[in-house]
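The following explanation is intended to be read alongside the coordinates. Please keep the three-dimensional view open while reading.

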Amino acid sequence: MSDQAEQLRERMQRTNQPRPTKLVTVTSGKGGVGKSNFSLNFGLGLIEKGHKTILFDVDLGLANLDVLMGISPKKHLFHLLEPDTSVWDILEQGPGDLEFIAGGSGFTQIMQLEDSKLDRLFNQLQPLHGYADTIIFDTGAGLSKESIRFMLSSDEVILVTTPEPPAITDAYAVIKMLHSRNPDIKIRLVINRVTSEREGKMTSDKLAMVAKRFLNMDIHSLGYVSDDPYVSKAVKQQRPFLLTYPESQASRSIRRLVGQYLQSSTEAEAHPSGLKGFIAKLKHFIR
Ligand SMILES: Nc1ncnc2c1ncn2[C@@H]1O[C@H](COP(=O)(O)OP(=O)(O)OP(=O)(O)O)[C@@H](O)[C@H]1O
Ligand SMILES: [Mg+2]
């Protein structure tokens, strides 16, 4: 049997025994705080722990996860609208067993698709349900309509910020907006580029306190990632730091954070609404 046929058979077997797939959206208020690097290396950290993970680039127009991984995707989401193209054709193999779907630069088009095409696109994604344990959406910065819809439709939102005041202020704006749309939304904080654990804790405590006081909302911290020159080195080499510099501070933080993530059990983790739930919600928001 050819490699490709073998892979397809394995995929079919996996999808015949669906287990819930968790949908996680990674976002931030301010741009450039490290969402894409976090999404990529967090995804790889989950894989190291045996969780099958797909990374989905939904950054509008400025998608660059492929550049971080040093791959050139041949197909993207919109190819699903072409006849004879299935979701397996648009899944790209990334580094370290990570699979990847490129959103394509015209991601905003999704909002303008006529109903039949939107249905086709979403139906084509259904086979991923049960195939992956986790699908991570890496969004662009800020509060675009599309990112907000992804966040509101996911099982969980991971909000990345740095300890710098403008990033914290913008992160709070995201929390406030999401809370106004869904007071029960699950948001977890990642403080990136910390110089000490204390700085990370102070930053997440500050945000959690403000959210509690003004919104009566509980926000939990997922952890911190060290400010580490090896991140930039890895970016320049177009390789994930977790694979290229596994002993760096940033890699150690990611592993610690993945451990905490898998240990902690939020309601969304216990009962993910899965890809079906996600698609139903996203359709609702689009229409
Ligand atoms: N933990 C870190 N330590 C040191 N530098 C970092 C760290 N995380 C990110 N950076 C730096 O920040 C840059 C931007 O990171 P990244 O592209 O992941 O941000 P982003 O939030 O996805 O940006 P955008 O908003 O444009 O999508 C990286 O190229 C790297 O140089
Ligand atoms: Mg990015």
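Residues are numbered from 1 along each chain as its sequence is written, chains are lettered from A and ligands numbered from 1 in the order in which they are written, and side-chain values use heavy atoms, with hydrogens and water left out.

The chain averages a pLDDT (the predictor's confidence in each residue, from 0 to 100) of 88, and 87% of the residues score at least 70. Where pLDDT is low, the predicted coordinates should not be read in detail.

A nonpolar core is a set of buried Ala, Val, Leu, Ile, Met, Phe, Trp, Tyr and Cys residues joined through side-chain atoms within 4.5 Å; buried means under 20% relative accessible area, exposed over 50%, and partly exposed in between (1.4 Å probe, protein chains only). The largest such core has 34 residues, and Phe38, Leu40, Phe42, Ile158 and Val190 have the most contacts inside it. Helix H2 (residues 35-48) supplies the largest share of this core, 6 residues. Another core, of 29 residues, lies apart from it and includes Phe78, Ile110, Ala132 and Phe137.

Thr25 belongs to strand E1 (residues 22-27) and is buried, with a relative accessible area of 0%. Beyond its neighbours within four places in sequence, its contacts (heavy atoms within 4.5 Å) include Phe137, Phe150 and Ile158. A polar atom of the Thr25 side chain lies 3.5 Å from the backbone oxygen of Phe150.

Leu80 is placed in the loop between helix H3 (65-69) and helix H4 (87-90), and Leu80 is likewise buried, at 0% relative accessible area. Not counting residues up to four places away in sequence, Leu80 touches Val87, Ile90, Leu121 and Leu125, among others.

Ligand 1 has 18 residues around it (a heavy atom within 4 Å), of which Gly32, Lys35, Ser36, Asn37 and Ser226 come nearest. Oxygen atoms of ligand 1 lie 2.8 Å from a side-chain N or O atom of Lys35 and 2.9 Å from a backbone N or O atom of Asn37. The protein covers 80% of the 640 Å² of accessible area (Shrake-Rupley method, 1.4 Å probe) that ligand 1 has on its own.

Technical notes. Helix = DSSP H or I, 4+ residues; strand = E, 2+ residues; numbered from the N terminus. Polar contact = N/O pair within 3.5 Å; in protein donor to acceptor, adjacent residues only side chain to side chain.
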